[in-house]
Amino acid sequence: MERRDFRFAPLLATVFLVIAILVAGGCAQKSQTPPAQPTPPTTQPAPASAPAPAPTPPPLSDAAKEGAKLYVSYACVSCHGIGGKGGIANPNNAGGDATIPALTGDDFKKDFGKDEDVAKVIKSGSILNKGKATSMPSWNGVLNDQQITQLTAYIRAGLPDAGVALPAVKTGEDVYNAYACVKCHGPIGKGGVANVAATDPEDKDIPALGSADFHKEFNTTDKIRAHIVGGMVIENGKPSVVYMPKWGDVMKPDEVNLIVNWLNTYK
Ligand code: HEC
Ligand code: HEC
């Protein structure tokens with residue numbers, strides 16, 4: 001009775017093969033899962049050295065430092081933001097941008113690659129929106145060429161913090177200074193700077209605010225308010241002629257009240 005039954009041998013072989021495949025597959029799958037993380041030691045070893053300090057930006061040139069002051073005193077900061085970050089709402093803009101543009105970043109570098117391009121837009125402004133949206137004011141003659149070069153140097157340097165304090169705005173007179181009204185209209189009641197590119201003799205000077213003439217024409221707070229909030233484009237919107245910027249979307253409502261009431265009472 002030494003007879004061994006070999007009829008089951010193929011079947012057994014198949015079963016073993018299947019098991020072998022399953023085990024091998026299981027192992028393969030297991031080997032794909034990451035090994036268990038060793039529990040971290042309870043006390044962290046002290047770092048070998050302190051983290052590397054952030055690279056210090058190159059020091060600002062003298063021109064850029066002056067530009068940083070102008071950026072605040074000419075109210076660029078109130079429209080383009082601290083550090084030129086942009087983003088102040090410009091809701092009525094027909095051109096597409098819902099915010100006042102940043103003066104940093106790739107888009108800006110692409111469109112304003114050359115210093116001349118930056119200087120040109122500061123001088124000419126943008127008259128695209130003709131009063132409905134906030135436009136870039138023209139500063140032609142209000143800022144001289146040296147100041148425009150200084151502003152351009154600051155913009156090129158990436159508008160870093162240069163330690164220039166933003167003015168506190170508590171009174172109408174503060175608004176007059178903080179929003180650069182004084183730079184175009186001059187000391188209150190005295191008359192403004194020349195509007196060098198204007199062709200109409202009537203527009204040769206930026207008007208005085210607070211003069212008898214002013215109060216004759218702007219005899220209600222509503223009239224004063226409308227001009228400040230809405231701005232105005234003179235000379236059919238030709239570039240390089242200085243026009244009244246539209247401040248309505250930029251100034252806070254209480255600042256508008258301060259300046260309107262102050263101008264109305266300042267006689
Ligand atoms: C009343 C708001 C306002 C003030 C103040 C202002 N800007 Fe602008 N600026 C704008 C707007 C809006 C544009 C975009 C114009 C456009 O798209 O046509 C612009 C555009 C520019 C641009 C071109 C960038 C671009 O992408 O179009 C430069 C550069 C610039 N301003 C610099 C300045 C400087 C420097 C000052 C201060 C001397 C200043 N701006 C003050 C509103 C302002
Ligand atoms: C970039 C120069 C500039 C700045 C900055 C500026 N203005 Fe004007 N403003 C003008 C010009 C130019 C006119 C006259 C032509 C016009 O109305 O467009 C004017 C007109 C006015 C008028 C009407 C006076 C008149 O006799 O026509 C008022 C009111 C006024 N501005 C108030 C302000 C106030 C308030 C500020 C600050 C929040 C300010 N302006 C900032 C240029 C400027």
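## Helices α10 and α11

In this predicted model, Thr-221, Ile-224, Arg-225, Ile-228 and Val-229 of α10 meet Val-256, Ile-259, Val-260, Asn-261, Leu-263 and Asn-264 of α11, where contact requires C-beta atoms, placed from the backbone, to lie within 7 Å. By class, the contact of α10 with α11 consists of seven nonpolar, three polar and one charged residues; Ala, Val, Leu, Ile, Met, Phe, Trp, Tyr, Cys and Pro count as nonpolar, Asp, Glu, Lys and Arg as charged, and the others, Gly among them, as polar. The helices are DSSP runs (H or I, at least four residues), numbered from the N terminus, as strands (E, at least two) are too.

α10 and α11 (residues 253-265) pack at an angle of about 130 degrees, and their axes are 9 Å apart; axes are lines fitted to C-alpha atoms, for helices over the stretch in contact, and angles run from 0 to 180 degrees between N-to-C directions. The two helices α10 and α11 are therefore oblique to each other, given that angles under 35 degrees count as roughly parallel, over 145 as roughly antiparallel, 65 to 115 as roughly perpendicular and the rest as oblique.

## Helices α2 and α6

Helix α2 (residues 62-73) packs with helix α6 (residues 145-156) at an angle of about 100 degrees, with the axes 7 Å apart, and this makes α2 roughly perpendicular to α6. The contact of α2 with α6 comprises eight nonpolar, four polar and one charged residues, including Ala-63, Leu-70 and Tyr-71 in α2 and Leu-151 and Tyr-154 in α6.

## Surroundings of ligand 2

Ligand 2 is surrounded by 27 residues, of which Cys-181, Cys-184, Pro-207, Met-232 and Met-244 are the closest; a residue is near a molecule if its C-beta atom, placed from the backbone, lies within 6 Å of it. Two or more residues of this shell come from each of α8 (181-185), α9 (212-217) and α10 (221-230), and α8 gives the largest share, four residues.

The shell around ligand 2 contains 22 nonpolar, three polar and two charged residues. At least three of its residues are drawn from each of domain 1 (62-156) and domain 2 (172-265), with bounds from an automatic or database domain assignment.

## Surroundings of ligand 1

Around ligand 1 there are 26 residues, the closest being Cys-76, Cys-79, Pro-101, Ser-126 and Met-136, and the elements that give two or more residues to this shell are α3 (76-80), α4 (105-111) and α5 (115-124). The shell around ligand 1 divides into 19 nonpolar, six polar and one charged residues.

## Basis of the description

Residues are numbered from 1 along each chain as its sequence is written, while chains are lettered from A and ligands numbered from 1 in the order in which they are written. In this predicted model, local features need pLDDT of at least 70 and side-chain atom pairs count only at pLDDT 80 or more, whereas totals for chains, interfaces and linings use all residues.

Methods:
Two residues are in contact if their C-beta atoms, placed from the backbone, lie within 7 Å.
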